[in-house]
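Hi,

Here is the structure I promised to send over.

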Amino acid sequence: MTLKECKKEEKADREFQKKFKFEGSINVLTQMMVDPAATEKRGGGKNLPLRRGEILDVIQFTNREQILCRNSQRRYGYVPRAVMLHL
């Protein structure tokens with residue numbers, strides 16, 4: 001990883017912590033997959049865009065309805081628990 005990529009990731013992580021009021025370091029708890037039968041949704045606000053079969057990193061189990069996740073493009077957002085499957 002180059003220095004430029006590293007700084008870009010650090011900046012994205014700081015913006016995530018500010019936007020979601022997340023304290024401490026960002027640790028991946030587990031990985032989960034978006035249900036292949038789920039409808040694809042565009043992200044908006046604090047929601048992450050959903051693509052069928054996509055593998056997401058789980059950052060935090062926030063409540064019964066939503067999970068805070070990160071996708072492969074290092075974008076963060078909330079995802080409904082109903083469309084997530086354990087690997």
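A residue counts as buried here when its relative accessible area is under 20%. Phe20, at 10%, is therefore buried. Before I go on, keep in mind that this is a predicted model.

Phe16 is buried too, with a relative accessible area of 3%. The ring centres of Phe16 and Phe20 sit 5.3 Å apart with their planes at 40°, so the pair is tilted. Phe16 also pairs with Phe22: those ring centres are 5.2 Å apart and the planes are again at 40°, so this pair is tilted as well. Phe22 is buried, like Phe16. The structure has four aromatic pairs in total.

Now the overall fold. The C-alpha trace spans about 40 × 25 × 25 Å along its principal axes.

Of the 87 residues, 30% count as buried. Taking contacts between residues at least 6 apart in sequence, 46% join residues at least 24 apart. The accessible surface is about 6,200 Å², and carbon and sulfur atoms account for 49% of that. As for charge, there are 18 positive and 11 negative ones, and their mean positions lie 5 Å apart.

Cheers

Methods: Residues numbered from 1 in each chain as written. Predicted model: local features only at pLDDT ≥ 70, side-chain atom pairs only at ≥ 80, totals over all residues. Heavy atoms only, no water. Buried < 20%, exposed > 50% of the residue type's maximum accessible area, 1.4 Å probe, protein only. Contact = heavy atoms within 4.5 Å. Areas by Shrake-Rupley, 256 points an atom, 1.4 Å probe, with all protein chains shown as cover. Lys, Arg positive; Asp, Glu negative; His and termini not counted. Charge placed at Lys NZ, Arg CZ, Asp CG, Glu CD. Phe/Tyr/Trp six-rings, centres within 6.5 Å; stacked < 30°, edge-to-face > 60°.
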